Amino acid sequence: MISLRRNHFLTLAALYALAMVYSSLALGPGGLNYVPLGFGEALDRFMSLRFVPHGSDQRPDWIANMLLPVPLAFLINSAIGFGEAKQRAVGIAVTLAITFLFILAIKYTQLFFPPRTVTLNYITAQLLGAVLGVVAFQLSHTRLYPRLLSHFDNGDGLIIVLGGYTFFLISYYLMPFDITLSVGDLAARALELSGILFSIPGEGRSPTYQLLIVIADTLTTIPVGMYLAVAGRQRTTRRLVWRAFGLMFLIFIAQLFVLGSEPFIVALIYRPAGAVIGVLFIQRIKGKDLRKRHYYFSRYLPLAIPVYLLLVMFVSGVLSSQWLTFDEATNRLEPRQFLPFWNFYIVSKAHATESLVVGSFMFAPIGIMVWLRRGFWSSGAKFSAILAFSLSLAMELGRMLKPGLRPDFSDPIIAAVAAAVAFKAMPILWRMFEREAARSGTLDSYIANMQRTTGEAHPETPPLTEP
């Protein structure tokens with residue numbers, strides 16, 4: 001299992017703090033907008049901040065502000081919070097002190113960067129987020145982490161990975177976590193649902209685009225079914241399938257009470273179908289030699305690459321016949337559009353999260369394809385990142401020349417990171433699936449013949465029984 005030392009957590013905390021400073025000061029409606037202000041005047045304004053009335057439409061921003069400092073507090077507490085009870089108590093106090101001071105410093109500095117919204121509402125939200133980060137660390141350190149370590153030591157790393165994926169996918173479905181809390185919220189949600197329930201994802205787009213969205217959403221639930229299968233190995237396939245349907249139905253019910261989420265009735269068909277595919281996939285690979293199949297899959301890359309490129313171009317919207325001249329395209333650009341992640345600021349938090357997830361999933365296959373071609377032992381993360389960055393940049397330049405489309409020059413950064421991470425993660429994930437496949441008592445002919453010939457287990461196959 002990956003071991004992080006104190007300096008690793010401190011480095012991650014510093015990087016995340018810089019990201020918070022950047023998003024809080026540089027990203028704004030007009031970009032970076034510094035306005036000189038006297039120290040005394042700024043302090044008077046800061047000390048006179050009050051709570052302001054917030055409606056349901058502003059609750060997603062409040063929730064986003066609450067979640068923003070959670071990782072920072074978690075990372076700081078991870079660096080200084082280990083040890084005996086007394087040391088942990090000191091670590092909690094120091095973590096909260098550092099995080100609180102950092103939050104207040106950012107909020108004070110925002111007064112110099114109008115029109116940032118600085119109120120006690122958002123300050124309170126971020127202070128609560130810091131407390132949640134500390135609570136998350138304490139719970140994970142005392143309960144979650146020992147269980148994960150036990151799973152990993154027992155060869156169940158796949159449960160950890162797929163369980164984490166399932167958790168984040170459910171969180172993504174429930175964005176922006178704006179739960180209906182009043183009769184007024186329920187009435188507003190009822191009106192909202194009347195136009196959502198019986199529609200299809202991608203409403204207003206071409207049927208081909210809508211079909212691709214449905215297919216993509218189906219594919220995202222396949223790992224959920226895999227998680228149910230590896231976590232419930234002792235259960236029958238029929239029970240696992242019913243669990244898959246039940247989980248997707250519960251997510252649908254939960255979405256009904258989250259303002260801003262989109263529960264489609266048709267999703268009750270294709271999402272469970274994807275989860276069932278995941279269940280059947282795990283059942284299917286038992287006893288199979290996945291190392292042999294790795295090289296088998298790599299043979300189809302020459303066919304997969306052009307199909308993948310066409311899909312990326314279609315989703316990016318660059319396959320249409322209408323084009324702008326270069327002068328027309330450059331005249332539409334604004335300097336603030338070149339600020340990294342500026343487009344994330346001008347849209348809702350849920351839309352920004354969706355854009356981040358879609359961009360990552362769109363270009364992560366580049367890392368997977370490079371890994372399939374190069375194999376287990378070669379390097380290729382940098383090569384994957386360069387390929388993904390170049391392809392994404394080409395798509396954004398194409399969008400710049402398309403009428404009605406807005407380029408986002410942050411996407412190449414997301415694409416590069418996604419492809420590099422995918423390349424690095426694939427050998428680890430593949431070995432986890434190899435171990436899962438070897439849990440079956442029935443070996444496929446390849447492994448059986450190898451054992452009969454050599455008198456020993458296949459060198460790349462994990463033991464069939466747990467130690």
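**Contacts of R189 and the packing of the predicted model**

R189 touches T180, I196, Q255, L256, F257, V258, L259, G260, S261 and P263, residues up to four places away in sequence being left out of account. The structure described here is a predicted model. R189 is found in helix α8, which spans residues 183-194, and its relative accessibility of 2% places R189 in the buried class. Two polar interactions accompany these contacts. The side chain of R189 reaches the backbone oxygen of V258 at 3.0 Å, and a polar contact of 2.9 Å joins the side chain of R189 to the side chain of S261.

R189 also takes part in a salt bridge with E192, in which the closest N and O atoms are 2.5 Å apart. Because E192 and R189 are three residues apart in helix α8, about one helical turn separates them.

A search of the whole structure finds seven salt bridges. One of the pairs is formed by E41 and R45, with a distance of 3.0 Å between the closest N and O atoms. Since E41 and R45 lie four residues apart in helix α2 (residues 39-47), their separation is about one helical turn. E41 is partly exposed, with a relative accessible area of 40%, and R45 is likewise partly exposed, with a relative accessible area of 40%. A further pair, E396 and R399, has its closest N and O atoms 3.9 Å apart. These two residues are three positions apart in helix α18, and therefore about one helical turn separates E396 from R399; both E396 and R399 are buried.

A polar atom of the S392 side chain lies 3.5 Å from the backbone oxygen of D411. With residues up to four places away in sequence not counted, S392 touches F363, D411, P412 and A415.

In soluble globular proteins, nonpolar side chains tend to be buried together. The largest nonpolar core of the model has 38 residues, and those with the most contacts inside it are I282, Y308, V312, F363, I366, L391 and F433. Two or more residues are given to this core by each of α7 (157-173), α10 (222-231), α12 (267-285), α14 (301-316), α17 (349-374), α18 and α19 (411-437). The largest share, 10 residues, comes from α19. V312 touches M362, F363, L391 and M395, again not counting residues up to four places away in sequence. Apart from this core lies another, of 11 residues, among them F46, L49, F113 and I123.

I179, L181, L186, F249, L250, I253 and F257 make a nonpolar surface patch of about 680 Å². Helix α11 (residues 237-256) supplies the largest share of the patch, three residues. F249 lies in helix α11 and counts as partly exposed, at 42% relative accessibility. F257, one of the patch residues, is also among the residues touched by R189.

Terms used: Residues are numbered from 1 along each chain as its sequence is written. This is a predicted model: local features need pLDDT of at least 70, side-chain atom pairs count only at pLDDT 80 or more; totals for chains, interfaces and linings use all residues. Side-chain values use heavy atoms; hydrogens and water are left out. Patches are made of residues with over 30% relative accessible area and no salt bridge: like charges are joined within 9 Å, nonpolar side chains (Val, Leu, Ile, Met, Phe, Trp, Tyr) within 5 Å. Accessible areas come from the Shrake-Rupley method with a 1.4 Å probe; for residues, only the protein chains shown count as cover. A salt bridge is a side-chain nitrogen of Lys or Arg within 4 Å of a carboxyl oxygen of Asp or Glu. Buried means under 20% relative accessible area, exposed over 50%, partly exposed in between (1.4 Å probe, protein chains only). A polar contact is a pair of N or O atoms within 3.5 Å; within protein, one must be able to donate a hydrogen and the other to accept it, and residues adjacent in sequence count only if both atoms are side-chain atoms. Contact means heavy atoms within 4.5 Å. A nonpolar core is a set of buried Ala, Val, Leu, Ile, Met, Phe, Trp, Tyr and Cys residues joined through side-chain atoms within 4.5 Å.
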